[in-house]
Amino acid sequence: KYESEFSKDFDSEEIGKIAKNYAVALTMNSGEKHPSITFHGLREDVSEAYIAVGKFLSKTMKEEHDEYVTATIAAQVSWQVESKTNSFKSFNPGETKELEEAYNENKKGVCELSSSSKKGLVTVDFSNMMQTNAKGTKKRVRRNDLSTTGKDFEVEVPQVWQSKKMNDVPRLVTLAKSSADYTNVAQAFGASFGGL
């Protein structure tokens with residue numbers, strides 16, 4: 001008899017395949033405090049089927065746990081990469097989980113995204129908050145702590161910019177407090193600190 005608090009959520013089709021592969025019959029009882037699966041057959045076959053079901057349920061529980069951790073992290077932190085239009089696009093939940101776990105291990109380290117849906121290796125260097133793809137293209141990344149801001153936010157880039165020559169050096173520009181650009185930046189800055 002295999003008893004588990006998680007066995008009520010198992011894939012009965014998959015359990016049926018395991019029973020068939022090991023030539024055993026099974027009875028599933030979900031009405032008990034702890035749902036159970038009872039195997040019937042030759043001792044050796046039942047033992048092997050019991051082990052296979054245990055492995056299957058362990059894998060299922062691990063996947064459910066990983067999904068829960070991923071969702072929990074995604075609700076607390078947003079990792080974003082700069083797009084071609086200078087706005088920021090959120091990483092997918094799996095990448096966010098990888099980035100956050102690596103960042104918490106070493107805030108000056110590098111994370112290689114194994115869950116990346118992009119082609120080739122993608123790395124994020126936390127020391128300079130830059131992503132590098134397999135071709136060597138670099139993009140800025142940022143980490144938004146949603147537990148302090150309460151929500152994810154984006155700042156729209158102004159529609160009008162003066163053109164810049166390739167050899168121009170960036171310079172500081174003072175904005176009038178009455179300008180729309182100043183107001184947008186000030187509001188976004190205040191929101192990032194919990195509404196200051």
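**Reading contacts and salt bridges in a predicted model**

Me: Which residues does Y22 touch, not counting residues up to four places away in sequence?

Reply: Contact means heavy atoms within 4.5 Å. Under that rule Y22 touches D45, E48, A49 and A52, with residues up to four places away in sequence not counted. This is a predicted model, in which local features need pLDDT of at least 70, side-chain atom pairs count only at pLDDT 80 or more, and totals for chains, interfaces and linings use all residues. Residues are numbered from 1 along each chain as its sequence is written, and side-chain values use heavy atoms, with hydrogens and water left out.

Me: Where does Y22 lie, and is Y22 buried or partly exposed?

Reply: Helices (H or I, at least four residues) and strands (E, at least two) are DSSP runs, numbered from the N terminus. Y22 lies in the loop between α1 (12–21) and β2 (25–29). Buried means under 20% relative accessible area, exposed over 50%, and partly exposed in between (1.4 Å probe, protein chains only). At 28%, Y22 is partly exposed.

Me: How many salt bridges does the rule give?

Reply: A salt bridge is a side-chain nitrogen of Lys or Arg within 4 Å of a carboxyl oxygen of Asp or Glu. The count comes to six. One of them joins E100 and R143 at 2.8 Å, N to O. Because E100 lies in helix α3 and R143 in strand β9 (residues 138–145), the pair ties together parts that are 43 residues apart in sequence. E100 is buried at 6%, whereas R143 is partly exposed at 26%.
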